[in-house]
Amino acid sequence: MNDTAQRPAFPDRLSVDPRSPHYNAAVFEHDVGIRLNDKEFTNVGEYCISEGWIKIPAGKALDRRGQPMMTKLKGRVEPFYR
């Protein structure tokens, strides 16, 4: 229970892509989970708490750079440490 004090606070917007300006490596040193409308998602690529959305991969489709195509889902976003 003591290591919760050492975990960084969640930013308003976070991305798993290291090329993104919203990437924060300190957060990903711990196991992170995301809930959208009380349903847990394990494949979230990016989220924004204040705007209330997450982006998840849309099937197996890739864009021209080889990155997965993303779908935006809206609702109440709750990040948490596992």
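Is Glu46 buried or exposed? With a relative accessible area of 12%, Glu46 is buried; that word means under 20% relative accessible area, while exposed means over 50%, with partly exposed in between (1.4 Å probe, protein chains only).

Before going on, know that this is a predicted model, where local features need pLDDT of at least 70 and side-chain atom pairs count only at pLDDT 80 or more, while totals for chains, interfaces and linings use all residues. Residues are numbered from 1 along each chain as its sequence is written, and side-chain values use heavy atoms, leaving out hydrogens and water.

So who does Glu46 meet? Its side chain makes a polar contact with the side chain of Arg13 at 2.9 Å (a pair of N or O atoms within 3.5 Å; within protein, one must be able to donate a hydrogen and the other to accept it, and residues adjacent in sequence count only if both atoms are side-chain atoms).

Glu46 sits in strand S4, and strands here are DSSP runs (E, at least two residues), numbered from the N terminus. S4 belongs to an open, antiparallel sheet of four strands, ordered S1-S4-S5-S6. Strands pair if DSSP finds at least two bridges between them. At the edges are S1 and S6, each pairing on one side only.

| Strand | Residues |
|---|---|
| S1 | 13-15 |
| S4 | 46-48 |
| S5 | 53-62 |
| S6 | 68-74 |

Three bridges join S4 to S5, and Tyr47 stands opposite Ile54 in S5.
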